[in-house]
Amino acid sequence: MSVLKKFNYLIAAGVLFGNAAHAEDQQYLIGVNSFGESAEYAHTLTEEIQAHPWVVNGKVKIVVFDGKFDPLLQSNAIDTMITQKFDAIIMESFDKDASAAPIEKAIDAGMPVIGSALETSSEKITSQIIVDDPLGGKMIGDFMSERLKGKGNVVLLEGPIGQSAQISRRQGIDVSLATNTGLKLIASKSANWSRAEGQAVMENWLSAYSGQINGVLSENDEMALGAIEAIKSAGLDPKDIPVIAIDGIPDGKRAIQNGEMYMSLYKYAKAEGQGAIDLALRNLVGESYEPQSEIWKTLKIDWAGGTAKHYTVPWLVLNHENIGEYLD
């Protein structure tokens, strides 16, 4: 029995595997092209994929390729999956444009590719299930305007430049700023989804704009948590400089609970992960396949026969009033 038949879960980075054909019991082999397992959200997404009913009962084998925030590694992973004849790919595109050609190579090889968590510019991708990132960006901008009563200086921590979430969330934030003209964006910089980089950037801003920053917008929780650490290290109270972010990771939820983070938008890893597996299986099994994850019913996402090009996962606002319901 090959290595792939012995293990349910394996993180790989460009390593060639043995024969990836179906096992004797007709298990499907699906590759997960993660944008970077060191990111808490990506790791949570992987865990949710592993909890899909057909993965748990052995009908699906999952192999996770750690993209390590590198489009080339993601491209190489697709080459490996094509060579090893995987049945389908779940694609978390680190770079929106760079992912297009590798995705289309896999599709031309006859493999369905389902986009999850992050968008690609490829129009050939089989299907995508993600949140509405422009809407998310607009929402956090609008919430900041509400919190600051329509007026104040804000700074913005951005994700890796060129990644779909960075592009789309920034678009939404810009729409909000254009509407809420009392907010002034005095600085913005990428901190690459990193808590450590978010802290370093915020430390610099607190020095350069001493006493001028009224609020912090962050395109993810990790960077926001770094900004909060910088605020506290400077002897300031995070309650006086509201921080609003996106993702709703466990540490972010705890920061909301203790009042250090004003609010966050929850990004459903279970929906983006297990939903993608259901869509891949619909392409592999055929029209008789019924979605196995509960997310379609609980979040009221229209299955649409499993053949739609795009599925939108709704946002959930996490704040001090409701956070107790969502703590892990």
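A residue is called buried when its relative accessible area is under 20%, exposed when that area is over 50%, and partly exposed in between, with a 1.4 Å probe and protein chains only. The views below come from a predicted model, in which local features need pLDDT of at least 70 and side-chain atom pairs count only at pLDDT 80 or more, while totals for chains, interfaces and linings use all residues. Residues are numbered from 1 along each chain as its sequence is written, and side-chain values use heavy atoms, with hydrogens and water left out.

**View 1. Asn-192 lies in the loop between strand E8 (183-190) and helix H8 (195-208).** Helices (H or I, at least four residues) and strands (E, at least two) are DSSP runs, numbered from the N terminus. Asn-192 is partly exposed, because its relative accessible area is 35%. Its phi is near 55 degrees, which is a positive value in a residue other than glycine.

**View 2. Phe-69 sits in the loop between strand E3 (60-66) and helix H4 (71-83).** Phe-69 also has a positive phi although it is not glycine, and the value is near 60 degrees. With a relative accessible area of 29%, Phe-69 is partly exposed.

**View 3. Helix H8 has a buried side and a face turned away from it.** H8 has 14 residues and reaches 20 Å from its first C-alpha to its last, close to the 20 Å expected at 1.5 Å a residue; the expected span is 1.5 Å times one less than the number of residues. Gly-198, Val-201, Met-202, Trp-205 and Leu-206 are buried in this helix. They cover an arc of only 140 degrees around the axis, so they lie on the same side of H8, where the arc is that of the directions from the helix axis to the C-beta atoms. An α-helix has 3.6 residues a turn, so residues three or four places apart point the same way. The opposite face carries the exposed residues Ala-196, Asn-204, Ser-207 and Ala-208. The cover over the buried residues of H8 includes strand E7 (152-158), E8, strand E9 (215-218) and helix H9 (221-233), judged by contact, which means heavy atoms within 4.5 Å. At the N-terminal end, Ser-194 caps H8, with a side-chain oxygen 3.3 Å from the backbone nitrogen of Ala-196.

**View 4. Helix H9 is mostly covered.** How many of the 13 residues of H9 are buried? The number is 10, and among them are Asp-221, Met-223, Leu-225 and Ile-228. H9 reaches 18 Å from its first C-alpha to its last, close to the 18 Å expected at 1.5 Å a residue. Asn-220 caps its N-terminal end, where a side-chain oxygen lies 3.5 Å from the backbone nitrogen of Glu-222. After H9 comes Gly-235, whose phi is positive, near 80 degrees.

**View 5. Ser-93 lies in the loop between strand E4 (88-91) and helix H5 (100-108).** Ser-93 is buried, because its relative accessible area is 1%. Its side chain makes a polar contact with the side chain of Ser-99 at 3.2 Å; a polar contact is a pair of N or O atoms within 3.5 Å, where within protein one must be able to donate a hydrogen and the other to accept it, and residues adjacent in sequence count only if both atoms are side-chain atoms. Not counting residues up to four places away in sequence, Ser-93 touches several residues, including Gln-74, Ile-103, Leu-118 and Gln-163.

**View 6. The largest cavity has a volume of about 160 Å³.** Of the 15 residues that line this cavity, the closest to its centre are Phe-35, Tyr-41, Trp-193, Asn-220 and Asp-247. On a 1 Å grid over the protein atoms alone, a cavity is a set of points where a 1.4 Å probe fits but cannot get out, whereas a pocket is an open set with protein on both sides within 12 Å along at least five of seven lines, and lining residues have an atom within 4 Å of a point. Grid points are joined across faces, edges and corners, and a volume is the space filled by probe spheres set on the points. Helix H2 (40-50) and helix H7 (164-179) each supply at least two residues of the lining of the largest cavity.

**View 7. The largest pocket has a volume of about 250 Å³.** Of the 17 residues that line the pocket, the closest to its centre are Arg-147, Tyr-262, Met-263, Asn-319 and His-320. Helix H6 (133-147) and strand E13 (316-319) are the elements that give two or more residues to this lining, and H6 gives the most, with 3 residues.
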